[in-house]
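Dear colleague,

Please find below the structure that I am handing over to you. My findings follow directly after it.

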Amino acid sequence: MIEDVDILIEHGTLLTLNGERQIITDGAIAIRKDRIAAVGKTSDLRQKFKGKKTIDASLRLVMPGLVDGHAHLGEIARGLIPDTLRTSDWLKFWCYPYMAAITEEDEYWYSKCLMAEMIRSGTTCFVEPGCMWLESTIKAVAETGMRATTGSWVWDHAGPDGHKCPEYFKKMTLRQALDLTESNVKSFNGMAEGRIKCFATIEGVGTCSDELMLGAKAIADQHGTFTLMHKASSREEVASELKATGHRPVEHMYRIGALGPNVYLNHMTAVDAFEVDMLAEADTKVCQNPPAALKLAKGTTQMSRFLEMRAKGVTVCLGCDGVNSGDHKDMFRSMYLAATLPKDAKLDPEAITAEEVVEMATLAGYRAIDWHKELGSLEPGKKADLILINVDRPEWVPTYNYVYSLVYTASGDSVETSIVDGRILMEGRRLTTIDLAEVQAHCRELAPKLAARANVKPQSRWPVL
Ligand SMILES: [Zn+2]
């Protein structure tokens, strides 16, 4: 008897990321509602299923959707910040002032624009590390159909060089930060048919007291969610933390009991060997962001220990960061860097493989945010979050190894179709949930107003006539 399913994808090459990491040629996937009903050879599935909609995936690679582990939606003024700044000045003279100037309207439209960029390059799930207007972000995520974690960007002191911070940054108290965090988690965790997780997102990088770190963790523990922060991002941060506490950033968190399996730390470039053991012991999750690390000179090739973390069993996932740090939302570019930088840094081509990097952008990404039981591979029973990549393009022809081409050759432009929760968000490069012309028009109109409100002047080293 032939069963009806909502979507039957046929004739694709499937990167299943299942337990055996099988690659199925002339493969098919049956999708019923939001779940994968079956995965196998097209000839087998055609005898069992009939799709209300059929997608011909000939010359298409089908794989789980990518997870961008660090995707700011509120940090949007692309190209506004000079490309020659270190993290502290970057944050305090530029990033914070324009974040303070963002309106609810800005955040809604900019979020949609960034999500369009993500969908068009294969990302179906992202970790938003704390935004200015949470309800705008949540509305935008709900409408676009993506999967995400998010929260409000909170802190409770201005941190080192605090006098450089704009006035608004000095006003949030510990109580306000914790109250806002708890109320967000209670109100928004599980929104959009479960596609949104709300995290206790605190900023980190020297702007959060021990009480805030521990208070946020207590909220996350109580409500079954995560604490997320930026940590061990640069040598400067290590120096100021040593001065303030006598310990390195991760070591300090370990000593006060702020690490744990539901703690998610971004950047983590400046981590010492003994801190890797602390992360492993606490099963703390780590997200590396090579595009941002390179642009902001965080020293990832000289001092990062992501390979050691992985070797000790720490879950390390992969992200891009915001549009003035990583500057793009293409996880293909991030995968390329994650595969090539360690080889060069260690003078060892065996340092990491393309397959390990694809796992980082899928399985590890979902494991890092506790979604791995439902997501990250093409297997029956899992959520139907997947992408189709067009390999009928010159950069894919010929190839003897799809995984190599995915990591070392292709860009996100190859992504053609995107499905989340069984719903098609893009088909044949056409977005189905975002009116791109409308979104781009709003963003262009809002951009000069944001720069004016922030009192930040766009820079150009070349004369603009
Ligand atoms: Zn960030």
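I begin with a single residue. N289 counts as buried, because its relative accessibility is 3% and the cut-off for a buried residue is under 20%. Please note that the model is a predicted one.

N289 sits in the loop between β13 (285–288) and α10 (290–295). Its side chain is joined to that of H267 by a polar contact of 3.2 Å. Apart from its neighbours within four places in sequence, N289 is in contact with H70, N266, H267, G319, C320 and D321.

T103 belongs to the loop between α2 (87–101) and α3 (104–120). With a relative accessible area of 25%, T103 is partly exposed. Once neighbours within four places in sequence are set aside, T103 is in contact with W133 and R453. T103 and R453 are 350 residues apart in sequence, while their C-alpha atoms are 9.9 Å apart in space.

I turn now to the domains. The chain is divided into domain 1, made up of residues 3–65 + 377–431, and domain 2, residues 66–368. The contact between them draws 29 residues from domain 1 and 32 residues from domain 2. Between the C-alpha centres of domain 1 and domain 2 the distance is 30 Å.

How much area do domain 1 and domain 2 bury between them? The size of an interface is often expressed as the accessible area lost when the parts come together. For domain 1 and domain 2 this area is about 2400 Å², with 65% of it on carbon and sulfur atoms. On the side of domain 1, G65, V407 and Y408 supply 24% of the area buried against domain 2, more than any other three residues.

The interface also has polar and charged links. Six residue pairs are in polar contact between domain 1 and domain 2, counting residues at pLDDT 80 or more. Three salt bridges are found across the interface of domain 1 and domain 2.

Which elements supply the side of domain 1 that touches domain 2? At least two residues each come from β5 (60–64), β15 (386–390), α16 (402–409), β16 (415–420) and β17 (423–427). Of these, α16 gives the most, with five residues. By type, the residues on this side of domain 1 divide into 18 nonpolar, five polar and six charged.

In general, side chains of opposite charge can pair when their charged atoms come close. The count for this model comes to 32 salt bridges.

One of them joins the side chains of D6 and K52, at 3.2 Å from N to O. D6 lies in strand β1 (residues 3–15) and K52 in strand β4 (residues 49–56), so this pair ties together parts that are 46 residues apart in sequence. D6 is partly exposed, at 24% relative accessibility, whereas K52 is exposed, with a relative accessible area of 66%.

Another salt bridge is formed by K383 and D421, whose closest N and O atoms are 3.2 Å apart. K383 is in the loop between α15 (363–368) and β15, and D421 is in the loop between β16 and β17; this pair links distant parts of the chain, 38 residues apart. Are these two residues buried or exposed? Both K383 and D421 are buried.

D421 also forms a salt bridge with R147, and here the closest N and O atoms are 2.8 Å apart. R147, K383 and D421 belong to a network of salt bridges that also links D34, R35, E374 and D385.

A further salt bridge brings together the side chains of D413 and R429, at 3.7 Å from N to O.

With kind regards

Terms used: Residues numbered from 1 in each chain as written. Predicted model: local features only at pLDDT ≥ 70, side-chain atom pairs only at ≥ 80, totals over all residues. Heavy atoms only, no water. Domains from an automatic or database assignment. Contact = heavy atoms within 4.5 Å. Buried area = accessible area lost by both parts, 1.4 Å probe. Salt bridge = Lys/Arg side-chain N within 4 Å of Asp/Glu carboxyl O. Polar contact = N/O pair within 3.5 Å; in protein donor to acceptor, adjacent residues only side chain to side chain. Helix = DSSP H or I, 4+ residues; strand = E, 2+ residues; numbered from the N terminus. Nonpolar A, V, L, I, M, F, W, Y, C, P; charged D, E, K, R; others polar. Buried < 20%, exposed > 50% of the residue type's maximum accessible area, 1.4 Å probe, protein only.
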